[in-house]
Amino acid sequence: MKTIGMIGGMSWESTAIYYREINEGIKAKTGSLHSAKIILNSLDFQEIERLQHSEDWAETANILKGAAKSVERAGADFLIICTNTMHIVAPEITEHLSIPVLHIADATGEKLAKEGIKNVGLLGTNFTMEKSFYKGRLLEKYGIETVIPSKEDRALVHKIIYEELCCGVIKQSSQDCYFQVIEKLKGIGAEGIILGCTEIGMLVSAESTISRMYDTTKIHAEQAVNFALE
């Protein structure tokens with residue numbers, strides 16, 4: 001079994017889900033008392049969030065490169081970055097390492113392609129919804145078009161992530177808001193919905209709607225399990 005390197009803490013709420021999903025996946029595939037070999041560097045999200053909203057991506061890259069290098073030195077065989085948004089700096093991190101980095105958009109794109117999805121709605125932080133690092137990768141590598149919510153709806157989705165989900169706060173009113181946004185995305189052609197922030201699955205699950213939902217946390221964790229056992 002390979003050792004999984006993880007950069008987490010962005011937020012720790014979703015990193016805890018990663019840890020559980022990966023260990024449950026390893027146990028399901030290997031049985032008995034097996035658990036995942038994991039090296040985790042968990043960052044202080046307050047520092048990262050401040051840099052995100054000041055658009056200082058160079059400094060976030062420096063912090064994550066340091067974290068990634070420490071995980072590599074500790075013996076990880078490959079790395080996952082346990083957040084969608086910070087894949088903005090994934091190229092810088094990948095160039096800095098000699099171990100593979102499993103990109104969350106690739107994990108998601110492969111699953112969408114396998115299920116024949118050609119047009120998908122994307123929910124996430126404003127950074128993920130608006131910048132090209134995610135949407136562009138889905139289009140260039142998998143031929144998948146992405147639709148995003150209106151500016152007003154993007155602001156609501158973003159606010160709920162940072163002010164509620166990253167703090168472990170779950171509200172019925174926020175779930176209702178997300179469902180309304182999902183319905184609008186379906187109305188403009190989305191065949192499925194990417195839960196493109198690792199906390200969104202805490203609020204919206206595949207079981208709670210008839211829409212085809214793609215929880216990136218679970219998809220990324222499953223990719224890590226499969227790679228660890230190859």
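Predicted model: local features only at pLDDT ≥ 70, side-chain atom pairs only at ≥ 80, totals over all residues.
Residues are numbered from 1 along each chain as its sequence is written, and side-chain values use heavy atoms, with hydrogens and water left out.

Helix α2 covers residues 45–53 and helix α3 covers residues 57–73; their axes come within 8 Å and cross at roughly 150°. Axes here are lines fitted to C-alpha atoms, for helices over the stretch in contact, and angles run from 0 to 180 degrees between N-to-C directions. Helices (H or I, at least four residues) and strands (E, at least two) are DSSP runs, numbered from the N terminus. That crossing makes α2 roughly antiparallel to α3, a label used for angles over 145 degrees. On the α2 side, I48, L51 and Q52 make the contact, and α3 brings W57, E59, T60, I63 and L64; contact means heavy atoms within 4.5 Å. Sorted by class, the residues of this contact are five nonpolar, two polar and one charged. For the classes, Ala, Val, Leu, Ile, Met, Phe, Trp, Tyr, Cys and Pro count as nonpolar, Asp, Glu, Lys and Arg as charged, and the others, Gly among them, as polar.

Now for the sheets. Which order do the strands take in the open sheet of three? The order is β2-β1-β3, with parallel pairing, and two strands pair if DSSP finds at least two bridges between them. β2 (38–42) and β3 (78–81) are the edge strands, each pairing on one side only. From one strand to the next, the twist averages 20°. Strand β1, residues 4–8, pairs with β3 in the parallel sense over four bridges, and I7 stands opposite I81 in β3. Our friend α3 comes back here: it lies across β1, β2 and β3, running at about 155° to β1. Helix α10 lies across β1 and β3, at about 175° to β3.

There is also an open sheet of four strands, in the order β5-β4-β6-β7, again with parallel pairing. β5 (145–147) and β7 (213–215) stand at the edges with a single partner strand each, so one side of each is left without a neighbour in the sheet. On average, neighbouring strands of this sheet are turned by 30° against each other, direction ignored. Strand β6, residues 192–195, and β7 pair in the parallel sense over three bridges, and I194 stands opposite Y214 in β7. Which strands does helix α7 lie across? Helix α7, residues 132–142, lies across β4 (119–123), β5 and β6, and runs at about 150° to β5. Helix α10, residues 216–229, lies across β6 and β7, at about 55° to β7.

On to the inside. How many cavities of 30 Å³ or more does the structure hold? It holds one, and the largest cavity has a volume of about 70 Å³. A cavity, on a 1 Å grid over the protein atoms alone, is a set of points where a 1.4 Å probe fits but cannot get out, and lining residues have an atom within 4 Å of a point. Grid points are joined across faces, edges and corners, and the volume is the space filled by probe spheres set on the points. The lining of the largest cavity has 14 residues, with T83, T85, T125, C197 and E199 nearest its centre. α2 and α8 (151–163) are the elements giving two or more residues to that lining. By class, the lining has six nonpolar, seven polar and one charged residues.

Last, two backbone details. The peptide bond from M10 to S11 is cis, with omega near 0°, and S11 is found in the loop between β1 and α1 (12–30). S32 has a positive phi of about 55° although it is not a glycine, and S32 is found in the loop between α1 and β2. Most residues other than glycine have a negative phi, and most peptide bonds are trans.

Terms used
Parallel < 35°, antiparallel > 145°, perpendicular 65-115°, else oblique. 1 Å grid on protein atoms, 1.4 Å probe; cavity = no way out; pocket = protein on both sides within 12 Å on 5 of 7 lines; lining within 4 Å.
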